[in-house]
Amino acid sequence: MEEQLRRERDQTRAQIADLTAEFDGIVASVAAESPDDEHDPSGSTTGFERQRVAALLDHARRRLAELDDALARVDAGAFGICALCGAPIGLERLEARPTATTCINCASR
């Protein structure tokens, strides 16, 4: 499971780098254009695209934090232990959601 977490963390870091470059490209292209989004037919599209990439970037950063937390639990010997009740988190749940911090019973509450 640790190797899977590390692989996914590396993929997420690469995704963040790609999205950051894409976002920076959008911002740079807007800076070179007229700031009048209201009358520019492509302005709303550019604004939408900037917001879309920003949302994807935010999601990827949150995912990276979850993965880092899961790896910290691995290092501390607490991975796979429910943070609420202390019971083991089922293998099926960890396979489906490796960053899970709660067992299925606590997550259902």
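Student: Is Asp58 buried, exposed or partly exposed?
Tutor: Asp58 has a relative accessible area of 40%, so it counts as partly exposed. The cut-offs are under 20% for buried and over 50% for exposed, with partly exposed in between, using a 1.4 Å probe and protein chains only. Bear in mind that this is a predicted model, where local features need pLDDT of at least 70, side-chain atom pairs count only at pLDDT 80 or more, and totals for chains, interfaces and linings use all residues. Residues are numbered from 1 along each chain as its sequence is written, and side-chain values use heavy atoms, leaving out hydrogens and water.

Student: Which helix is Asp58 in?
Tutor: Asp58 sits in helix H2. Helices here are DSSP runs of H or I with at least four residues, strands are E runs of at least two, and numbering starts at the N terminus.

Student: And what does the Asp58 side chain meet in a salt bridge?
Tutor: Arg62, with 3.0 Å from N to O. A salt bridge needs a side-chain nitrogen of Lys or Arg within 4 Å of a carboxyl oxygen of Asp or Glu. Asp58 and Arg62 are 4 residues apart in helix H2, so about one helical turn separates them. Arg62 is partly exposed too, at 46% relative accessible area.

Student: Which residue does Glu22 pair with?
Tutor: Glu22 forms a salt bridge with Arg52, and their closest N and O atoms are 3.2 Å apart. This pair links distant parts of the chain, since Glu22 belongs to helix H1 and Arg52 to helix H2, 30 residues away. There is also a network of salt bridges that links Glu8, Arg63 and Glu66.

Student: Let's zoom out. What's the helix and strand count?
Tutor: The chain has 4 helices and 0 strands, giving the pattern α-α-α-α along the sequence.

Student: Does the span of H1 agree or disagree with its residue count?
Tutor: It agrees: helix H1 (residues 2-32) has 31 residues and should span 45 Å, and its end C-alpha atoms are 45 Å apart. The expected span is 1.5 Å times one less than the number of residues.

Student: What about the core, which residues make up the largest one?
Tutor: The largest nonpolar core has 11 residues, including Leu5, Leu67, Phe79, Ile89, Cys82, Cys103 and Cys106. Helix H2 (residues 43-76) gives the largest share, 3 residues. A second, separate core has 7 residues, among them Ile16, Ile26, Val53 and Ala60. By definition, such a core is a set of buried Ala, Val, Leu, Ile, Met, Phe, Trp, Tyr and Cys residues joined through side-chain atoms within 4.5 Å.

Student: What does Leu67 touch?
Tutor: Setting aside residues up to four places away in sequence, Leu67 touches Leu5, Glu8, Arg9, Thr12 and Thr99. Contact means heavy atoms within 4.5 Å.

Student: You listed some cysteines. How many disulfides are there?
Tutor: The count is 0, where a disulfide is a pair of cysteine sulfur atoms within 2.5 Å.

Student: Last one: what percentage of the chain is buried?
Tutor: Buried residues make up 28% of the 109 residues.
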